[in-house]
Amino acid sequence: MSDKKRLQMEEMKAVWEASGAPLIQVKDLEKHFDDLHALNGVSVDINKGDVVFVVGPSGSGKSTFLRCLNRLEEPTAGEILFEGINITNKMTDINLHRQKMGMVFQQFNLFPHMTIMKNLTLGPMKLQNMSKEAAEAQAMQLLERVGLADRADAYPNQLSGGQKQRIAIVRALCMKPDVMLFDEPTSALDPEMVGEVLAVMRDLAEEKMTMVVVTHEMAFAKEVASRVIFMADGKIVEEAAPAEFFENPKTERLQNFLAKVL
Amino acid sequence: MDFIINLLIIVRDAIRYFFTSYIPQLIQEFSNDFYLNFIKEDRWKYIVDGLGVTLQVTLFAVLIGIALGFIVAIIRATHDKTGNLKFFNWICHIYLTVIRGTPVLVQLLIIYFVIFGSVRVDKVLVAVIAFGINSGAYVAEIVRGGIMSIDAGQFEAGRSLGFNYTQTMIHIVLPQALKNVLPALGNEFIVLLKETSVAGYIALEDLTKGADIIRSQTFAPMMPLLAVAAIYLAFVMLLSWLIKLLERRLRNSER
């Protein structure tokens, strides 16, 4: 990234911070796959420090919604403002903004041809002009936090699923993101490994990292979320604080859903 | 009893003949043949010079093939993944269809007699161009297969970090794809080395043509042809060994 662009982005961020607008504003988001309408007008504000959990039956569009936030899926219609900038605009260089939006995938997607350390330093070194020493120091610090400092020279294939996912979280954190997007981070894990990943996420939430989490872990949502969103048929059906959401669901859809999963 | 003794005598004479007469005769014939085909009038130079030409053509054709193959593969894979580059993809598609749908010998003859028909060009250069263009088409499909075999999640992970399409290709997808297709690529180069043997059709004096020239002078076809076959075999085995070595090194870096 050129210094000019970086400066420009920082200026725009300052303007946004002064305005007090939400970190992410989603307006009437739609996503169509041919005949399938995965998202039918989703609008939501995500503020700095929010820990938003998105739950719902499979096919409800919750993963699509998350993947639209950093435009891994190209929205069909609607707007997403991230730090005050319309990132759905084709003129916006989405690559710059993706650096500020860490993403964690269900299948980890670590780079198998690189050591853990290379996985963690590739982005900062190539995209943020960080020196090798600085990038490695930062990676080491984060590795220690998740208890995997001794695996820095290992390859992803040598790690367990839980370890891989913790590394994937660290890889996203190395870019110093302003928001973390989690796409069913524990769905591909053996049950005994879910806990270690959730612990790292809990840590992040306590540090006031802004998070958007798509998950089936209801107990975890109840414990960590600042807000829970229920999606069905590509729409937000209900949205509330976790206590209210789980104890006192308003809509019949949510009542039925909770009856099935709890 | 007599019968058995007679039989033993016959066998003894046969063995004696074999060692005292037949083998020396064979050796004599062999050395005569060898002298005639390789030593006399410095005919070995046809083989050595031809080998030089064959290796030269193969090496440069491989380089062109790799360059062309990668460009075409990346254009095709980009089109498959993103729908961009429609025009270039169309050109690549025609290139692949034509080159893979016609014999390499015909391509060589067309390039020599039609495209360069009215200009004097170095035959080695013509062969390099013809085999390079031909090889590029096969390399392209091998590499494209390698790129498409990489899980879409790898691509998304790269993009989600903020890498653009090209950076994701260079740092994440291509290194993995290349490792996956290395055996197939090696095989393609072995095929190429052997395929250059048809270059004699444009009177390029490569290894095979060298043997053929000797044969036409000495009328003793066995020795030059077997020698040339052995040389091809040796180089193919060497190449296979090198590829295996490279493969093992790449694999080691993962475990």
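Modeller: Two strands pair if DSSP finds at least two bridges between them. Helices (H or I, at least four residues) and strands (E, at least two) are DSSP runs, numbered from the N terminus. This is a predicted model, in which local features need pLDDT of at least 70 and side-chain atom pairs count only at pLDDT 80 or more, while totals for chains, interfaces and linings use all residues. Residues are numbered from 1 along each chain as its sequence is written, chains are lettered from A and ligands numbered from 1 in the order in which they are written, and side-chain values use heavy atoms, with hydrogens and water left out.

Biologist: How many bridges join strand E9 of chain A to E10(A)?

Modeller: Strand E9 covers residues 227-232 of chain A and runs antiparallel to E10(A). Within E10(A), A:Ala240 stands opposite A:Val228. The number of bridges joining E9(A) to E10(A) is 5.

Biologist: Which strands stand at the edges of the sheet of 6 strands in chain A?

Modeller: This open sheet has mixed pairing and the order E6-E7-E8-E3-E9-E10. Each edge strand has a single partner strand, so one side of each is left without a neighbour in the sheet; the two are strand E6 (101-104) and strand E10 (235-240) of chain A.

Biologist: Which helix packs on that sheet by touching E3, E9 and E10 of chain A?

Modeller: Contact means heavy atoms within 4.5 Å. Angles run from 0 to 180 degrees between N-to-C directions, with axes fitted to C-alpha atoms, for helices over the stretch in contact. Helix H6 (residues 161-173) of chain A touches E6 and strand E7 (179-183), at about 170 degrees to E6(A). The helix that touches E3 (51-55), E9 and E10, at about 100 degrees to E9(A), is H10 (residues 252-261) of chain A.

Biologist: What is the order of the sheet of 4 strands in chain A?

Modeller: The edge strands are E2 (36-46) and E5 (85-86) of chain A, each pairing on one side only. Strand E4 (residues 77-82) pairs with E5(A) over 2 bridges, and A:Leu81 has A:Asn86 as its bridge partner. The sheet is open and antiparallel, in the order E2-E1-E4-E5.

Biologist: Why does the salt bridge of A:Glu74 and A:Lys90 tie together separate parts of chain A, and how many residues apart are they?

Modeller: A salt bridge is a side-chain nitrogen of Lys or Arg within 4 Å of a carboxyl oxygen of Asp or Glu; here the N to O distance is 3.9 Å. A:Glu74 lies in the loop between H2 and E4 and A:Lys90 in the loop between E5 and helix H3 (94-98), so the parts tied together are apart in sequence by 16 residues.

Biologist: Which residues form the salt bridge between chain B and chain A?

Modeller: The interface brings 21 residues of chain B into contact with 24 residues of chain A. Between the two chains the count is 1 salt bridge. At 2.6 Å, N to O, the pair is B:Glu156 and A:Arg67.

Biologist: Which element gives the largest share of the side of chain B that touches chain A?

Modeller: Two or more residues come from each of helix H6 (152-161) and helix H7 (165-195) of chain B. The largest share, 8 residues, comes from H6(B).
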